[in-house]
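Below is a short briefing on one protein model.

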Amino acid sequence: MPASSSRRRGRIGERNRRRILTAAERVFARRGYQGATLDEIAKESMLPKANLLYYFKSKQALYHAVVSDILEAWLAALGEISVDDDPADALTGYVERKMALSRERPEGSRVFAMELITGAPVIGEYLRGALRDWVERQGAVFRVWQRRGMMADLSPEHVFFAIWAMTQTYADFSPQVTAVLGVDRLEEADYRLAVGTVTAIILRGLGLPPRRSGRVAAAPSG
């Protein structure tokens, strides 16, 4: 097979795989793992069921791929921080990107929340392995910053728990947020204010000066 044909097939395959993952994310968010069916996911993706089973051998394999894809996107939002980075800049960027994911992929956040609420039966090993390793690597950087007197001596693990909880609430509990704010849906200004508030809470809790960016509302003084 010519190299150009192989590359074209590869691009088509990647597009189909992404299309299936996106559709599955929406269906799992609506139905949960037990309630979702491959037939409904095929209909949502507008691809034959046989295509789903070509890329993913079972519903469980597809679900595992969806949840892993969500988690990898969250971890990529921070990337691998370095001891040479500015702590306030690194955490400000992470909160911004994490909130953007809650806004752009709310179904993904809900799927992940349901998986955890049920005891992480599918991705428990991933959490104990890849996620734990990632947190340990970032935590090691935090501890260098702390030894240098650049931030308060707080548990890095619990800082990440706090960031995840505060940013994901805008996806997982959006009806509560909109009800309290008295709006039908969150708009750009609402997200800017939310990002600015969450960022200020995290940075000030760590003894860091809040940063100003084009996406973050200025943190209130006092």
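Helix α8 passes helix α10 in a right-handed crossing. The contact is built from A162, I163, M166, T167 and Y170 on the α8 side. On the α10 side it uses Y191, A194, V198, I201 and I202. Nine of these residues are nonpolar, one is polar and none is charged. The model is predicted.

**Geometry of α8 and α10**

- Helix α8 covers residues 156-172, and helix α10 covers residues 188-205.
- Their axes come within 11 Å of each other.
- The crossing angle is roughly 165 degrees.
- Angles over 145 degrees count as roughly antiparallel, so α8 and α10 are roughly antiparallel to each other.

**The whole chain**

- The protein has ten helices and zero strands.
- Along the sequence the pattern reads α-α-α-α-α-α-α-α-α-α.
- The chain has 222 residues, and 44% of them count as buried.
- Among contacts with a separation of 6 or more, 68% join residues 24 or more positions apart.

**Helix α6 against α8**

- Helix α8 also meets α6, with axes that come within 8 Å.
- The two axes cross at roughly 110 degrees.
- The range from 65 to 115 degrees counts as roughly perpendicular, which makes α6 roughly perpendicular to α8.
- From α6, the residues that take part are P106, S109, R110 and A113.
- From α8, they are Q168, A171 and D172.
- By class, this contact has three nonpolar, two polar and two charged residues.
- The α8 contact with α10, by comparison, has no charged residues.

- S109 belongs to helix α6, which spans residues 106-117.
- Is S109 buried or exposed? S109 has a relative accessible area of 1%, so it is buried.
- Which residues does S109 touch, leaving aside neighbours within four places in sequence? The partners are W74, Q168, A171 and D172.
- Q168, A171 and D172 are also the α8 residues listed for the contact with α6.

**E157, on α8**

- E157 lies in helix α8.
- Its relative accessible area is 25%, so E157 is partly exposed.
- Leaving aside neighbours within four places in sequence, E157 is in contact with V135 and R143.
- The C-alpha atoms of E157 and V135 are separated by 6.7 Å.
- Along the chain, E157 and V135 are 22 residues apart.

- M46 has a phi near 60 degrees, a positive value in a residue other than glycine.
- M46 sits in the loop between α2 (38-45) and α3.
- M46 is exposed, because its relative accessible area is 65% and the cut-off for exposed is over 50%.
- A120 also has a positive phi, near 55 degrees, and is likewise a residue other than glycine.
- A120 sits in the loop between α6 and α7 (124-147).
- Is A120 buried or exposed? A120 has 11% relative accessibility, and buried means under 20%, so A120 counts as buried.

- A50 lies in helix α3, residues 49-55.
- A50 has 54% relative accessibility and so counts as exposed.
- The C-alpha atoms of A50 and D39 are separated by 9.9 Å.
- A50 and D39 are eleven residues apart along the chain.
- G207 lies in the segment after α10.
- G207 has 60% relative accessibility and so counts as exposed.
- The C-alpha atoms of G207 and M151 are separated by 5.6 Å.
- Along the chain, G207 and M151 are 56 residues apart.

Definitions and conventions. Residues are numbered from 1 along each chain as its sequence is written. This is a predicted model: local features need pLDDT of at least 70, side-chain atom pairs count only at pLDDT 80 or more; totals for chains, interfaces and linings use all residues. Side-chain values use heavy atoms; hydrogens and water are left out. Axes are lines fitted to C-alpha atoms, for helices over the stretch in contact, and angles run from 0 to 180 degrees between N-to-C directions. Helices (H or I, at least four residues) and strands (E, at least two) are DSSP runs, numbered from the N terminus. Angles under 35 degrees count as roughly parallel, over 145 as roughly antiparallel, 65 to 115 as roughly perpendicular and the rest as oblique. A crossing is left-handed if the near helix is turned anticlockwise from the far one by less than a right angle, and right-handed if clockwise. Contact means heavy atoms within 4.5 Å. Ala, Val, Leu, Ile, Met, Phe, Trp, Tyr, Cys and Pro count as nonpolar, Asp, Glu, Lys and Arg as charged, and the others, Gly among them, as polar. Buried means under 20% relative accessible area, exposed over 50%, partly exposed in between (1.4 Å probe, protein chains only).
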